[in-house]
Amino acid sequence: MSKQINVALIGNPNTGKTSVFNSLTGLNQKVGNYPGITVEKKEGICKLPRGVKAHIIDLPGTYSLNASSLDENVVIELLLNKNDKDFPDVAVVVSDVENLKRNLLLFTQIKDLEIPTVLVINMSDRMKYKGISLDIPYLESQLQTKIALVSTRKNEGIDNLKTLISNYKELSITPCLNASEIDKEYFDNLRKAFPNQLLYKLWLVITQDVNFGKTDRNEIDAVADFKTKTKADLKRLQQKETIKRYQFINNTLKKGQTIDLSTAKDLRIKLDRILTHKIWGYAIFLVILLTIFQAIYDWSAIPMDFIDSSFASLSEWTKNSLPEGAFTSLLAEGIIPGLGGIVIFIPQIAFLFLFISVLEESGYMSRVVFLMDRGMRRFGLSGKSVVPLISGTACAIPAIMATRNIESWKERLITILVTPFTTCSARLPVYLIIISLVIPEGRFLGLGYQALTLMLLYLIGFGAALISAMILNKVLKIKSKSFFVVEMPNYKLPLIKNVALTVVEKTKSFVFGAGKIILAISIVLWFLASYGPGEEFNNAEEIVTEKFASKHLTEEELQNEIASQKLEYSFIGLTGRAIEPAIRPLGYDWKIGIAIVSSFAAREVFVGTLATIYSVGSDEEETIKNRMAGEVNPILGGPLFNFASGISLLLFYAFAMQCMSTLAIVKRETNSWKWPILQLVLMSVFAYVVAFIAFQILI
Amino acid sequence: MQVTLAHLKRGERAIIVDVSSINIPLKLLEMGCLPGNEVELVQVAPFSDPMYLNINGTHLAIRKETAIHIIIEITNE
């Protein structure tokens with residue numbers, strides 16, 4: 001086996017750390033999760049000179065080793081635990097040439113852990129443009145490190161960086177700051193109590209609430225002749241530490257860096273004058289939002305139709321070319337449509353992440369957070385909740401994952417809990433078919449009633465999210481420090497390579513993460529719809545043939561009747577009948593009941609289930625629609641899908657929590673079953689009540 | 001004249017005099033919000049909240065509720 005070294009990439013957000021990672025590893029990377037938590041773990045392999053291989057881990061971006069979020073905790077936990085299998089042989093700190101001063105703070109902290117460290121100064125192509133010049137040898141001697149000037153945009157400096165990494169044994173491990181300088185007496189006592197430990201390491205353990213190796217905080221507190229200070233005292237010391245570090249950095253940069261402001265150009269000021277403007281800022285944001293909606297609904301319709309018809313014909317082909325039997329049926333009616341149900345969302349999810357990653361890479365997303373924060377705070381949310389709420393219109397799953405950068409736990413939890421109210425793409429097919437059934441085609445002020453209803457449903461979704469956020473904000477008694485610090489990075493042209501990798505990664509994680517659940521459920525559904533306990537199910541062919549013997553049905557009509565009889569007495573059909581009394585007050589019959597039960601797996605199953613139930617051989621929407629329009633309400637008479645039951649059904653789908661994948665993600669992100677169960681119960685009860693009231697009033 | 005950062009107007013520059021470290025997240029200190037550093041108000045959202053600042057070359061946005069814990073001395077109009 002060839003020699004392999006561990007390399008950790010560390011850096012502030014917005015320094016292009018991930019671009020450096022992509023340049024080093026290319027496609028040789030994989031994304032996983034840290035055990036037990038949902039922080040993304042990116043790792044890859046890079047070949048270094050002289051046959052050395054490097055295992056590179058891209059740690060989450062952080063401003064310092066003083067962690068304030070789950071993502072940042074990962075960094076410090078790894079760096080403090082020498083026994084971790086990923087513990088770096090060498091740390092590569094990535095900085096941005098325009099923000100060197102701030103970026104060096106983290107660098108000095110890493111150095112003080114006595115880990116061999118290489119400093120990458122990225123975006124070197126911007127130096128001339130910004131009038132910056134650096135005295136590299138001087139900086140290297142002051143910071144006691146090796147520096148790689150890199151431009152990932154122009155693909156420069158990467159080979160030099162690889163050489164520096166492979167020579168990691170020559171790197172100095174002298175710390176930048178003497179920890180005793182912060183508070184001599186305190187640190188002298190600490191040294192006496194733990195003579196074998198690194199002082200800065202102890203200090204991090206005391207201030208950070210993390211465990212490392214064998215020493216943890218309780219153990220430090222237990223030492224009799226050493227007392228830890230109060231929280232306020234500790235924070236004062238941390239502030240002092242930060243000031244000391246900046247003194248060191250300022251002294252270093254005074255000689256090592258010169259900035260000629262006369263040649264500097266600043267695009268930022270001009271762009272921000274418009275993009276964060278009190279009126280224009282919002283107008284531009286609205287235009288961008290509309291473009292995203294347009295893309296998600298319109299542009300992705302073509303690939304989606306293609307996927308839909310491909311899976312339908314694949315299913316048909318399987319049915320015809322494999323020998324008849326339970327396996328073929330499971331494959332053709334369970335697994336293939338189930339897979340289709342996952343794959344069909346790929347275009348929308350890819351488009352969504354394409355836009356989000358372009359907006360994030362360019363630096364615009366921070367401006368949106370800035371513009372929206374005050375408005376969102378009224379509802380107990382944060383400016384950072386805007387991104388999840390917008391993403392929620394495609395799918396709640398990636399949206400809930402996007403809440404991770406909200407620092408305040410309360411604001412984050414509320415965002416997670418209300419996001420499923422936004423109208424996700426899975427509701428769309430349900431809305432479309434019911435609207436076309438119950439809403440007349442007339443026009444109002446030049447806008448179609450049907451289009452207006454759809455728009456109204458979107459507004460209801462956002463409204464429900466905001467109002468429930470407001471209520472949760474009042475009800476939840478969670479104390480969490482609500483602080484809000486958002487860096488406003490420079491505007492950058494997004495790198496196509498980075499955007500493409502993000503889109504591919506996120507889409508893959510959706511397909512394999514949520515996909516597994518959807519697939520499993522569609523198999524269960526197939527089983528429940530394909531088997532039944534009694535005579536009526538098992539002898540369906542004979543019963544139906546006998547029943548219609550005198551009516552001279554064509555073969556196809558007869559087959560449809562048999563399928564419909566089977567479904568009625570299958571396990572799922574019996575379930576539908578069992579819940580019928582509960583849903584009758586909402587205006588539904590047992591068939592809609594089945595569709596609702598099966599759409600607890602995923603909403604979009606609704607239309608498919610109804611198509612099967614109404615025994616329509618082909619799945620052309622027009623045909624389903626005609627069958628649905630012809631259904632008669634068994635008790636009240638008249639059409640089953642009338643205005644009252646239609647509105648009731650629309651409202652039920654607008655509010656009910658009908659998505660197992662979302663519940664699974666909420667469980668993962670909140671690390672408890674309490675919140676997803678609460679979400680399921682409250683949203684469903686609310687949906688029921690609203691649907692009930694709507695039907696009873698309108699009938 | 002010493003006022004809190006919440007009083008800074010657009011385009012004005014000031015020097016940070018004191019920060020009440022108990023009420024300020026450490027992250028903000030680490031981004032350069034420390035006594036002696038220069039601060040400029042770049043842009044404000046409606047109702048002057050949040051505030052888009054340039055502190056010592058770092059551009060960031062904070063809420064007004066945080067800004068009132070930072071004491072500054074305005075240096076130019």
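Of the 699 residues in chain A, 43% are buried. The model is predicted. Its scores are ipTM 0.94 and pTM 0.80. For chain B, the average pLDDT is 88, and 99% of the residues reach at least 70.

Chain A contains 32 helices and 12 strands. Its C-alpha trace extends about 100 × 60 × 55 Å along the principal axes.

One helix pair was examined in chain A. Helix α19 (residues 409–418) of chain A packs against helix α21 (residues 449–475) of chain A. The angle is about 140°, and the axes lie 9 Å apart. α19(A) is therefore oblique to α21(A), since angles over 145 degrees would be needed for a roughly antiparallel pair. The crossing of α19(A) past α21(A) is right-handed. On the α19(A) side, the contact is formed by A:Ile414, A:Leu417 and A:Val418. These meet A:Ala465, A:Ser468, A:Ala469, A:Leu472 and A:Asn473 in α21(A). Six residues of this contact between α19(A) and α21(A) are nonpolar and two are polar. None is charged.

The two chains touch through 29 residues of chain A and 27 residues of chain B. On chain A, four elements each supply at least two residues of the side that touches chain B: α3 (100–112), α10 (231–256), α16 (364–377) and β12 (485–487). The largest share comes from α10(A), with eight residues. By class, the side of chain A that touches chain B has 12 nonpolar, eight polar and nine charged residues.

A:Trp673 counts as exposed because it has 11 C-beta neighbours inside 10 Å, and the cut-off for exposed residues is 12 or fewer. A:Leu663 is 10 residues away from A:Trp673 along the chain. The C-alpha atoms of A:Trp673 and A:Leu663 are separated by 8.9 Å.

Definitions and conventions: Residues numbered from 1 in each chain as written. Chains lettered and ligands numbered in written order. Predicted model: local features only at pLDDT ≥ 70, side-chain atom pairs only at ≥ 80, totals over all residues. pLDDT = per-residue confidence, 0-100. Axes fitted to C-alpha atoms, helices over the stretch in contact; angles between N-to-C directions. Parallel < 35°, antiparallel > 145°, perpendicular 65-115°, else oblique. Left-handed = near helix turned anticlockwise from the far one by under 90°. Contact = placed C-beta atoms within 7 Å. Nonpolar A, V, L, I, M, F, W, Y, C, P; charged D, E, K, R; others polar. Buried ≥ 20, exposed ≤ 12 C-beta atoms within 10 Å, placed from the backbone.
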